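Open the model in your viewer and keep the selection panel at hand.

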Amino acid sequence: MTDIGVMNGPNLGRLGRRQPEIYGHLGLADIERDLLGEFPEVTFHFFQSNHEGRLIDQLEAWADQGIRRVVLNPGALTHTSYALRDAIEGLELWVVEVHLSNIYRREGFRAHSVIAPVARGQISGLGALGYRLAVRYLLDEAGVEA
Ligand code: DQA
């Protein structure tokens with residue numbers, strides 16, 4: 001069994017109800033259910049919080065448990081959180097950054113990610129499919145020692 005953390009940041013607990021024209025009609029629970037169905041070989045650890053520090057606490061807890069592969073949608077913290085970035089770097093996590101919307105086609109402030117330089121890669125604009133693709137990558141490609 002491979003352990004993968006799926007972490008969602010601020011405002012993503014309201015997916016499905018929050019600006020569905022941008023973020024789609026699926027709720028976070030739908031996305032999580034989809035991953036469970038698609039990857040029965042993975043032990044998923046799901047976490048969502050609106051609080052930066054709680055996200056970092058959870059990344060530390062996962063790292064302490066040996067869970068280093070993480071699909072991360074940091075929400076708006078993508079654009080601002082050096083603390084989250086430092087946690088990913090310091091804990092040596094294998095992170096795929098996921099955005100439901102295409103952050104490069106929206107307001108200017110969204111086009112910059114402070115997380116991207118410490119992520120293995122980024123998927124932006126493919127909706128909920130981005131989470132699946134990120135898990136696929138982490139299963140197939142990310143360091144076996146992780
Ligand atoms: C988002 C994009 C961010 O700019 C925004 O703040 C979000 C969601 C996305 O999934 O498209 O909360 O990360």
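Predicted model: local features only at pLDDT ≥ 70, side-chain atom pairs only at ≥ 80, totals over all residues.

Residues are numbered from 1 along each chain as its sequence is written, and side-chain values use heavy atoms, with hydrogens and water left out.

**Stop one: the helix pair**

Select residues 28-38, helix H2, and residues 129-140, helix H5. Helices here are DSSP runs (H or I, at least four residues), numbered from the N terminus. Their axes come within 10 Å and cross at roughly 40°. Axes are lines fitted to C-alpha atoms over the stretch in contact, with angles running from 0 to 180 degrees between N-to-C directions.

Now show side chains. From H2, pick Ile 31, Asp 34, Leu 35 and Glu 38; they meet Tyr 131, Arg 132 and Val 135 of H5. Contact means heavy atoms within 4.5 Å. By class, this contact has four nonpolar residues, three charged and no polar. Tyr counts as nonpolar, and Asp, Glu and Arg as charged.

**Stop two: the ligand**

Select the residues around the ligand, among them Tyr 23, His 79, His 99 and Ile 103.

Next, check the distances to ligand oxygen atoms. A polar side-chain atom of Asn 73 lies 2.8 Å from one. For Arg 110, a side-chain N or O atom is 2.8 Å away from a ligand oxygen. At Ala 76, a polar backbone atom sits 3.1 Å from a ligand oxygen.

Key. Helix = DSSP H or I, 4+ residues; strand = E, 2+ residues; numbered from the N terminus. Near = heavy atom within 4 Å. Polar contact = N/O pair within 3.5 Å; in protein donor to acceptor, adjacent residues only side chain to side chain.
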